[in-house]
Amino acid sequence: MKYTTFNQTPTNPLLEPMFFGNPVNVARYDQQKHSIFEKLIEKQISFFWRPEEVDVSKDRVDFQSLSESEKHIFISNLKYQTLLDSVQGRSPNIAFLPIISLPELETWTETWSFFETIHSRSYTHILRNLFTEPSAIFDDIVVNEQIKQRAGDISKYYDDLIFYTQLWQTQGEGVHTVDGIAHTVNMRELKKKLYLCMNSVNALEAIRFYVSFACTFAFAERELMEGNSKIIRLIARDENLHLTSTQHILNLWQKGKDDPEMAEIAEELKDEAKAIFMQAVEQEKQWAGYLFAQGSMIGLNEEILCQYVEYIANHRMSAIGMGQPFDVTSNPLPWMNNYLNSDNVQVAPQESEISSYLVGQIDAEVSASDFDDFDL
Amino acid sequence: MSEKKPFVITLESDHEPIHTDPSDTILESLEKHQIEVHYHCREGFCGACRSKLICGEIDYTTDPLAYIDDDEFLPCCSVALGDIKIKLV
């Protein structure tokens with residue numbers, strides 16, 4: 001089906017599936033088939049922030065005092081995060097928008113992707129502060145073997161879905177030969193590719209960021225690189241919301257609350273979807289190994305970081321019906337929770353103390369018992 | 001006026017049942033009794049504290065955005081409306 005930017009055939013978006021129905025026409029939000037996406041848009045917009053609001057100038061002094069192995073950990077994590085957000089800043093738009101059929105899901109995707117571009121901009125903000133000439137860092141992202149290996153796995157499901165969508169939207173269903181390779185394009189195949197892609201994105205949002213988050217917050221526990229930590233807290237808060245959206249999409253499919261064919265596909269591709277998640281867990285653990293190859297850092301080592309990845313994976317996998325495959329029951333890095341708590345994320349990051357805006361805050365909740373001591 | 005009655009939270013584990021403070025969320029009540037609960041946002045949008053509600057009724061203080069299954073709830077933004085039995089995921 002050819003894509004159109006304004007579908008002139010009247011449609012009822014309350015009856016459309018999330019994907020592969022009629023293209024969206026009117027961007028209307030007064031009614032929603034899946035109200036969760038409207039709520040996520042509102043929440044995400046309420047989180048709006050700009051990297052320049054966070055003062056990272058003290059980090060430059062801290063960075064000079066880090067050991068060589070700590071510098072390697074810090075910079076490698078920034079490179080990896082830059083890669084992840086480079087992909088996420090464009091891919092949901094390019095892969096999902098052409099096949100979305102609900103206005104609220106369309107706008108959620110745009111809002112989600114836009115926030116990933118803020119994250120990308122914040123890495124430039126951090127690196128420009130640390131280095132007079134940050135080009136070498138950015139250039140290495142494309143050639144670094146460890147990062148390339150992850151980039152391949154992250155982008156392949158997106159690329160596959162995008163390519164098949166392009167074939168379908170320009171040539172329709174059938175067998176199409178491109179550069180000597182025959183591609184079978186039909187709706188079932190397209191939906192399968194979408195399902196695998198969504199699982200890969202879910203795994204990315206669920207665990208791929210967490211090794212680097214843990215390192216950032218481990219520096220902050222030692223009162224080092226705190227400007228960077230403030231930015232990463234804002235990013236982590238956004239990523240939590242993005243994860244919620246992919247979990248909702250996967251569960252709506254699995255539980256048959258959207259396209260019934262997607263429920264069949266979810267069952268059919270259950271093992272493949274789980275393998276995508278397990279592969280992401282494995283790669284994150286290998287990443288921990290690479291980070292600590294030149295030496296450890298205070299408060300963290302490879303073993304504990306791998307346990308944390310497994311602990312987080314258990315929670316994230318059970319949220320989408322994949323069970324809890326790892327044998328870790330308690331949180332190996334309990335202090336992480338403090339950094340991921342949205343109460344501790346500053347609404348006004350220019351204030352240097354995290355809880356400052358809570359000081360003097362008035363508790364507006366009044367219960368009947370509050371008047372017990374009053375006599376008239 | 002009488003004080004609000006504290007409710008009892010029973011856990012599906014070896015832990016003793018605990019009494020809630022009516023002004024606390026279920027997560028806060030659990031934490032006051034040194035029960036480890038995984039949490040992140042504490043505002044109902046991340047789903048990190050997602051737990052099973054085995055019996056009893058709860059009410060949300062904030063509309064939860066995170067995905068929760070039919071038999072699950074979020075302790076971070078809910079209060080007990082009576083005695084409840086839960087299982088931490």
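Student: How much area do chain A and chain B bury between them?

Tutor: The size of an interface is often given as the accessible area lost when the parts come together. In this predicted model, 32 residues of chain A are in contact with 20 residues of chain B. Of the area buried between chain A and chain B, 49% lies on carbon and sulfur atoms. The total is about 2400 Å².

Student: Which residue of chain B meets the side chain of Lys39(A) in a salt bridge?

Tutor: The rule finds three salt bridges across the interface of chain A and chain B. A salt bridge requires a nitrogen of Lys or Arg within 4 Å of a carboxyl oxygen of Asp or Glu. For Lys39(A), the N to O distance is 3.1 Å, and the partner is Asp63(B).

Student: Which helix of chain A gives the most to the side that touches chain B?

Tutor: Between the two chains, the count is 12 residue pairs in polar contact. Several helices of chain A each supply at least two residues to this side, among them helix 1 (35–46) and helix 12 (302–318). The greatest contribution, seven residues, comes from helix 9.

Student: In strand 7 of chain B, what is the bridge partner of Ile9(B)?

Tutor: Chain B has an open sheet of five strands in the order 2-1-7-3-5, with mixed pairing. Its edge strands are strand 2 (18–19) and strand 5 (72–73). Strand 1 (residues 8–11) and strand 7 (residues 84–88) pair in the parallel sense over three bridges. The partner of Ile9(B) in strand 7 is Ile84(B).

Definitions and conventions. Residues are numbered from 1 along each chain as its sequence is written. Chains are lettered from A and ligands numbered from 1 in the order in which they are written. This is a predicted model: local features need pLDDT of at least 70, side-chain atom pairs count only at pLDDT 80 or more; totals for chains, interfaces and linings use all residues. Side-chain values use heavy atoms; hydrogens and water are left out. Contact means heavy atoms within 4.5 Å. Buried area is the accessible area (1.4 Å probe) that two parts lose on being put together, summed over both. A polar contact is a pair of N or O atoms within 3.5 Å; within protein, one must be able to donate a hydrogen and the other to accept it, and residues adjacent in sequence count only if both atoms are side-chain atoms. Helices (H or I, at least four residues) and strands (E, at least two) are DSSP runs, numbered from the N terminus. Two strands pair if DSSP finds at least two bridges between them.
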